[in-house]
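Here is a short report on one structure. Take a look at the model below, then read on.

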Amino acid sequence: MTDSQGNVEGAKTPMELYKRLNEQGDKVRCLKTAKADKADLEAAVQLLLKLKTDYKQMTGQDYKAGCPPPENMVVSNNEPATDGADDEDTVDPWNVSTTNAKGVDYDKLIVRFGSSKIEKELVDRIEKVSGQKPHRFLRRGIFFSHRDMHQVLDAYEKGKSFYLYTGRGPSSEAMHVGHLIPFIFTKWLQDVFDIPLVIQLTDDEKYLWKDLTLEECRRFAVENARDIVACGFDINKTFIFSDLDYMGSSSEFYRNVVKVQKHVTFNQVKGIFGFTDSDCIGKISFPAIQAAPSFSNSFPQIFGGRKDVQCLIPCAIDQDPYFRMTRDVAPRIGHLKPALLHSTFFPALQGAQTKMSASDMNSSIFLTDTPKQIKNKINKHAFSGGKDTVEEHRKYGGNPDVDVSFMYLTFFLEDDEQLEKIRQDYTSGALLTGELKKILIETLQPMIAQHQERRRQVTDEIVRQFMTPRPLNFSL
Ligand code: TRP
């Protein structure tokens, strides 16, 4: 159906592609009504998404059934939608980069990774099932992709609950605002579904990958746990663990690690993670350790040995390779596949070509920054989609799609109407870059000050409690 470059055969004009999309949409609907084989349905949905991506690339517009493209539409680039390695975005657990100032093309990533897009329908369902207004990250497509979320909701509606699993690699003491995204969202999920949560701190991973000692990694894990606790997790429903501590103390956890290790070959992890012959064997076997918390019997103190509690993992999309591997082995070792919710990346101050990185001081706003530092960094470094002079800006307006300050507001400004007004005013030129930055500064300063205050209240004893293996309080 697609040629070697992944392009859909035949469709040379927007109209042809539009017709193909209509047909494919019908096909998906038929398969759904006919309750067709899951693999067939999935393949049809993937093709539909691929067509949508091609359509957007060709026309610059989203495909909408019933809205054909104008017959005389000028196609900006008549070349087939290139999917070649050269301009492909890099997204793996260690690197994120693109040449596009708007950031990574997430629709393409969905096709490449074979996950599913979080459509409005799913957001509405989450609202219905949880009885809560969807989190702004869902309303705004910041969590944009998923695996098996419908199944999780089907079961939940029938009274079968699930648990959450997320994590962090503690590579330094310094956490930045981007690191909070999965945790803010996970806290919301924990609250609205009232479910237990396990948080893995992969101090072992950072020891293997970075030039750090075991003691440093272990210490960073505890320091990071303090920031994580400050996000407001329920102490009665949350277990935070350092791999270095928990792996050695839980035979059930280790058993699952070994089972995964036995069922994944070197060839497979080479394919998924790009390991080479000169990578140390610790790296090669590490993915099994990130997989193990997806299985409920890795935590007998919480789930009493049950292996049938469904797991849902909220994470940034770069972690997906770990969980593709996990989902692949799970049925072969008698476990359920974990479901996933994927987020986009939090852009660096300098622009969405790369994500915020703690190792670049100027690309990041840290959770320890003072109000003054926040202000200076944003004013000095936040990439602007505004024009060079006030006159030009007033005349032509700014581009919110590449403007980092505007992007940050989509993550943190709660009020949808206010955000939309800012977008319109910036686009029209009524709002200047300096004014936009001021709104962002005034949004982030209190948010970070509050985080610092909550962190101060997290005592050593509280961290110790969160990190102690113990029963949690919930009903499944
Ligand atoms: N590898 C992740 C990191 O470096 C940490 C991690 C472990 C994780 N388990 C996870 C992240 C589950 C998300 C979900 O940050």
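Which residues are exposed on the other side of H11? They are Arg255 and Lys262. Exposed means over 50% relative accessible area, buried under 20%, and partly exposed in between, with a 1.4 Å probe and protein chains only.

This is a predicted model, in which local features need pLDDT of at least 70, side-chain atom pairs count only at pLDDT 80 or more, and totals for chains, interfaces and linings use all residues. Residues are numbered from 1 along each chain as its sequence is written, and side-chain values use heavy atoms, leaving out hydrogens and water.

Helices (H or I, at least four residues) and strands (E, at least two) are DSSP runs, numbered from the N terminus.

**Helix H11.** Phe253, Asn256, Val257 and Val260 are buried in H11. Seen down the helix axis, the buried residues fall within an arc of 105° (taken from the directions from the axis to the C-beta atoms), so they line one face of H11. Among the elements that cover them are E6 and helix H10 (243–249); contact means heavy atoms within 4.5 Å.

**Strand E5.** Six of the seven residues of E5 (residues 162–168) are buried, so the strand is largely enclosed by the rest of the structure. Strands pair if DSSP finds at least two bridges between them.

| Partner of E5 | Bridges |
|---|---|
| E8 (residues 310–316) | three bridges |
| E6 (residues 197–201) | five bridges |

Phe162 stands opposite Gln310 in E8. Thr166 has Ile199 of E6 as its bridge partner.
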